[in-house]
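Here is a quick briefing for anyone opening this model for the first time. Have a look at the picture, then read on.

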2 protein chains.
Amino acid sequence: MTSSSELENAALQAAKFERVREAHKTEVAEDYVELIDDLINVNGEARVVELAERMGVSHATVNKIVGRLQREGLVISRPYRSIFLTDEGREMAVEARRRHEIVVKFLKAAGVSPETAEIDAEGIEHHVSDETLDCLSALTGKIEI
Amino acid sequence: MTSSSELENAALQAAKFERVREAHKTEVAEDYVELIDDLINVNGEARVVELAERMGVSHATVNKIVGRLQREGLVISRPYRSIFLTDEGREMAVEARRRHEIVVKFLKAAGVSPETAEIDAEGIEHHVSDETLDCLSALTGKIEI
DNA sequence: CTGAATTTGTAGCCGTGGCTACATTTCTTG
DNA sequence: CAAGAAATGTAGCCACGGCTACAAATTCAG
């Protein structure tokens with residue numbers, strides 16, 4: 001379809017890009033809820049400073065994003081207190097981690113170095129459909145055998 | 001590393017997210033130059049209307065982005081004329097298409113339906129390192145045999 | 001308990017990529 | 001060739017996710 005001799009249907013192509021743009025909107029949310037969940041599990045709480053440090057952004061940016069997450073019902077935060085996940089946020093975190101781990105496992109099984117696998121997975125995980133995820137899982141099993 | 005019992009080094013984690021943010025910046029450029037190259041190859045020229053239709057955005061958005069691509073030296077465009085790629089833009093287009101095709105081929109080989117493979121590849125291709133790309137190529141060969 | 005350090009919040013700026021609405025130019029067609 | 005259609009440009013709006021700088025609250029030491 002994307003060969004140089006012919007172009008696919010414009011509407012179909014537009015739908016793909018639309019899909020990617022849509023995924024972008026949820027990417028940040030997924031990364032944050034996953035990290036918040038990790039911090040709660042390990043440290044007992046999730047605080048702005050550590051989110052900022054681990055995301056590699058300023059605390060002001062974290063604040064702004066946490067505000068959005070709260071508006072969207074993923075997170076509960078009160079001024080100067082630590083951050084909690086709503087049920088919906090926790091579900092998203094679990095799902096995000098599941099995807100992340102499937103992608104990482106597959107990449108490692110495919111022969112990618114652990115470091116690169118982690119890096120690439122971070123970018124890939126948000127763009128993998130359930131169908132593809134299933135195929136990657138299956139493939140990981142086959143490779144390992 | 002991302003298991004629930006321990007957290008990896010904060011700086012390393014931040015570097016990953018930084019990498020993803022960096023990739024985001026070039027994503028749009030890659031998608032546009034690839035599409036422009038396709039249109040030139042098939043239609044003989046790339047025009048704003050068709051870019052807009054195929055990207056699924058308004059022509060105003062296309063205009064703005066083409067302006068940025070020109071500032072960045074990827075594209076040449078004169079008012080009311082069609083759009084051309086610079087050498088640098090063409091290189092980027094070729095490289096983007098190469099990545100795209102490797103990812104699509106791999107996904108199909110992995111058992112993903114052609115439609116889903118195309119959709120997911122659009123999101124994935126920008127986040128795959130050279131190392132991973134090589135592994136995917138190799139794996140595609142093995143699966144097909 | 002008070003003062004300093006830390007954490008958190010807020011204001012205001014920027015670039016990007018969306019959009020609509022309107023202006024202008026080019027193309028097409030009668 | 002002129003008029004209408006189509007394409008392109010431009011202005012101005014928005015939300016997002018960056019940032020710095022400054023303000024306020026909380027925590028921690030002494």
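Predicted model: local features only at pLDDT ≥ 70, side-chain atom pairs only at ≥ 80, totals over all residues.

Residues are numbered from 1 along each chain as its sequence is written, chains are lettered from A and ligands numbered from 1 in the order in which they are written, and side-chain values use heavy atoms, with hydrogens and water left out.

**DNA strand C**

- There are 22 residues around DNA strand C, and A:Arg47, A:Asn63, B:Ser58, B:Lys64 and B:Arg68 are the closest; a residue is near a strand if one of its heavy atoms lies within 4 Å of it.
- Looking at the atoms of DNA strand C that come within 4 Å of the protein, 58% are sugar and phosphate.
- Polar contacts here are pairs of N or O atoms within 3.5 Å; within protein, one must be able to donate a hydrogen and the other to accept it, and residues adjacent in sequence count only if both atoms are side-chain atoms.
- From chain B, a polar side-chain atom of B:Arg71 sits 3.1 Å from a phosphate oxygen of DNA strand C.
- Helix 2 (48-55) and helix 3 of chain A, plus helix 3 of chain B, each give two or more residues to the surface near DNA strand C; helices (H or I, at least four residues) are DSSP runs, numbered from the N terminus.
- Helix 3 of chain B gives the most to that surface, with six residues.

**DNA strand D**

- DNA strand D has 22 residues around it, and A:Ser58, A:Lys64, A:Arg68, B:Arg47 and B:Asn63 come nearest.
- Sugar or phosphate makes up 58% of the atoms of DNA strand D within 4 Å of the protein, and the rest belong to bases.
- In the side chain of A:Arg68, an N or O atom is 2.7 Å from a phosphate oxygen of DNA strand D, while for the side chain of A:Thr61 the distance is 3.0 Å.
- B:Val49 uses its backbone: an N or O atom there lies 2.8 Å from a phosphate oxygen of DNA strand D.
- Helix 3 of chain A gives the most to the surface near DNA strand D, with six residues.

**A:Glu27**

- You'll find A:Glu27 in helix 1 (residues 10-43) of chain A.
- A:Glu27 is buried but has no salt bridge, and the nearest side chain of opposite charge, B:Arg21, is 9.8 Å away.
- Buried means under 20% relative accessible area (1.4 Å probe, protein chains only), and a salt bridge is a side-chain nitrogen of Lys or Arg within 4 Å of a carboxyl oxygen of Asp or Glu.
- Lys and Arg count as positive and Asp and Glu as negative, with His and the chain ends not counted.
- Setting aside neighbours within four places in sequence, A:Glu27 is in contact (heavy atoms within 4.5 Å) with A:His126, A:His127, B:Val20 and B:His24.

**A:Ser129**

- A:Ser129 lies in the loop between helix 5 (114-124) and helix 6 (130-144) of chain A.
- A:Ser129 is buried, with a relative accessible area of 16%.
- The side chain of A:Ser129 reaches the backbone nitrogen of A:Thr132 at 3.2 Å.

How values were computed: Buried < 20%, exposed > 50% of the residue type's maximum accessible area, 1.4 Å probe, protein only.
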